[in-house]
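Look over the sequence and the coordinates, then read on.

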Amino acid sequence: MKELLERYENKAPEIVFHWKDPETEAEGWAVINSLRGGAAGGGTRMREGLDENEVLSLAKTMEVKFTVSGPPIGGAKSGINFNPDDPRKRGVLERWYHAVAPLLKSYYGTGGDLNVDETHEVIPITEDAGVWHPQEGVFNGHFRPSEADKINRIGQLRMGVIKVLESPDYSPDLSKKYTVADMITGFGVAEAVRHYYEIHGGDVKGKRAIVQGFGNVGGAAAFYLSKMGARVVGIIDRTGGVMNPEGFSFEEIVELFRKKKGNALVADQLIPFEEMNRKVWEMQAEIFAPCAASRLVTLEQIDTLIRTGLEVVSCGANVPFADREIFFGPIMEHTDQRVSLIPDFISNCGMARVFAYFMEHRVAMDDASIFNDTSQTIKRAILNIFKQNPTGKNVSQTAFEIALNQLV
């Protein structure tokens with residue numbers, strides 16, 4: 001596996017598009033790792049301090065993810081080095097998407113990512129730039145549909161991603177009109193845990209869980225884990241956290257979800273971050289869902305969780321461990337050898353799978369069909385791992401071997 005991984009990591013990307021904003025200090029990169037299948041896909045993120053190497057690593061991650069989620073295309077990513085809280089953000093995004101519009105029309109499909117909203121920013125701004133849909137390049141480069149078929153499928157994709165959830169099975173509050181895009185990634189993180197236990201002869205009910213991050217991914221993961229009977233005992237976010245060794249009730253988790261402001265946890269008894277970051281890792285929990293930013297989880301933190309009974313890690317964040325390597329660094333390897341580590345390209349593939357689902361010929365548009373498609377995709381990936389390696393250890397290593405044999 002390591003030899004395959006080294007060859008894959010060291011292979012230069014096919015296309016690197018470098019942009020400097022003429023009106024601000026913003027700088028951006030679109031990295032197309034390969035045009036496998038005639039196209040490439042990957043979202044757009046913005047953060048201060050981002051660099052080309054980060055975008056490249058994420059593009060390679062996306063390519064691995066497509067081996068699970070489909071379609072069989074190359075990986076890509078866009079990244080903009082700019083403060084997302086700056087009031088000039090909208091203008092930066094408008095100029096960026098006008099600059100990359102030819103790629104988005106031809107062979108590159110994008111979407112939302114860290115600090116860039118799919119519904120309110122990516123879709124309307126790319127439309128203004130003359131792109132029918134942020135995924136138009138994947139249609140043109142990979143699917144090559146007729147003009148009429150492209151119109152129909154883009155319409156299906158456009159409606160499906162922003163579809164307001166209508167079932168209480170998938171929405172924590174129907175009055176707030178959460179969409180598929182809001183909930184699907186966190187749903188996949190929770191489903192990965194459920195499928196893991198079922199395939200290995202266990203049950204998620206009653207298991208204790210710690211969730212890191214409470215944005216769309218972490219909040220949704222906590223909601224779905226609690227709904228399926230897990231006991232969420234700790235949630236740690238940027239500003240602080242909450243703890244309950246007995247587990248919060250489902251109603252309490254729903255209330256926390258309703259009260260969050262943007263991606264921030266809001267609670268009456270919020271424990272300050274420094275205190276929470278000392279205590280949460282010592283809580284007893286069988287499940288850990290890192291759903292915050294990349295490269296945060298340290299060796300000390302994961303070892304403390306392992307000592308107190310950790311069984312399964314389901315990654316909501318891309319590359320959640322504090323390793324320098326693109327994929328399989330020493331902290332990740334150490335974790336993989338000791339507990340069941342479900343890698344990010346399986347557990348957080350929900351949004352990529354939704355794009356693939358809606359790009360297919362006419363599909364069912366109800367909540368259950370959309371979410372069940374993602375659930376079954378994740379189940380198949382975990383089952384494939386189990387068939388090759390039923391031990392529950394080195395799960396990520398096996399998953400990478402399966403994926404890389406398709407790419408290298």
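Q: Of the contacts in the protein with a separation of 6 or more, what share comes from residues 24 or more positions apart?
A: This is a predicted model: local features need pLDDT of at least 70, side-chain atom pairs count only at pLDDT 80 or more, and totals for chains, interfaces and linings use all residues. Residues are numbered from 1 along each chain as its sequence is written, and side-chain values use heavy atoms, with hydrogens and water left out. A contact means heavy atoms within 4.5 Å. Residues 24 or more positions apart account for 73%.

Q: How many helices and strands does the protein have?
A: Both are DSSP runs, numbered from the N terminus: helices are H or I with at least four residues, strands E with at least two. The count is 16 helices and 13 strands.

Q: Why is the protein as compact as a globular protein of its length?
A: The globule rule is 2.2 Å times the number of residues to the power 0.38, and the radius of gyration is taken over C-alpha atoms. For 408 residues the rule gives 22 Å, and the protein is close to that, so it is as compact as a globular protein of that length, with a radius of gyration of 20 Å.

Q: Which strands stand at the edges of the seven-stranded open sheet?
A: Strands pair if DSSP finds at least two bridges between them. The order is E10-E9-E8-E7-E11-E12-E13, with mixed pairing. Each edge strand has a single partner, so one side is left without a neighbour in the sheet; these strands are E10 (271-272) and E13 (340-342).

Q: Which residue in E8 stands opposite Ile210?
A: Strand E7 (residues 208-212) runs parallel to strand E8 (residues 231-236), joined by five bridges. Opposite Ile210 stands Gly234.
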